[in-house]
Amino acid sequence: MIDFVEYHTLTECLEEDTPEEEKGLWKLFMDGSSCVSSSGAGLVLISPDRWTIEYALRFGFKATNNEAEWEALIFGLTIAKHLEVQKIEASSDSQLVVGLASGEYEAREDSMAKYLHTSSV
């Protein structure tokens with residue numbers, strides 16, 4: 001988890017010539033994890049001005065890796081909503097979560113369908 005946050009935290013100054021499509025764009029990076037004893041997730045939300053918000057989440061319930069990814073996505077989107085973010089790009093290493101969220105995949109399990117519905121509300 002620490003490697004994930006470190007890898008996705010920007011430390012260099014960026015060029016002032018930001019492409020038009022990236023102006024006002026926030027970026028959300030997340031990673032979920034599950035094991036026998038617990039589950040959790042980490043997320044990094046980066047503003048257009050390059051300041052970061054970092055969270056480590058520990059869930060009080062048993063979750064699969066994909067469910068942990070969804071929880072991180074929903075938490076990140078909730079933060080973005082409270083910050084009145086207008087444009088956001090989310091990245092995850094879960095092919096299932098990305099495929100479902102982008103509409104490329106169809107939810108077959110009830111739990112995934114519920115997460116998909118929750119994230120689109």
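User: Which residue in β3 is the bridge partner of I46?
Analyst: That's T52. Keep in mind that this is a predicted model.

User: And how many bridges join β2 to β3?
Analyst: There are 8, and the two strands run antiparallel. They form a hairpin with 5 residues between them.

User: What's R50 doing in that turn?
Analyst: R50 has a positive phi there, about 75 degrees. The residue belongs to the loop between β2 (39-46) and β3 (52-59).

User: OK, K27 then. What is its bridge partner in β2?
Analyst: I46 again. β1 and β2 pair in the antiparallel sense over 8 bridges, and they make a hairpin with 4 residues between them.

User: Why call β2 largely enclosed?
Analyst: Because 8 of its 8 residues are buried, that is, under 20% relative accessible area. S39, A41, L43 and L45 point one way from β2, while G40, G42, V44 and I46 point the other.

User: Switching to the largest nonpolar core: which residues touch the most other members?
Analyst: L28, M30, L43, L45, W70 and L73, out of 21 residues in that core.

User: Which element gives the most to this core?
Analyst: α2, with 7 residues. Among the others giving two or more are β1 (25-34), β2 and β3.

Key:
Residues numbered from 1 in each chain as written. Predicted model: local features only at pLDDT ≥ 70, side-chain atom pairs only at ≥ 80, totals over all residues. Heavy atoms only, no water. Core = buried A, V, L, I, M, F, W, Y, C linked by side-chain atoms within 4.5 Å. Buried < 20%, exposed > 50% of the residue type's maximum accessible area, 1.4 Å probe, protein only. Pairing = 2+ DSSP bridges.
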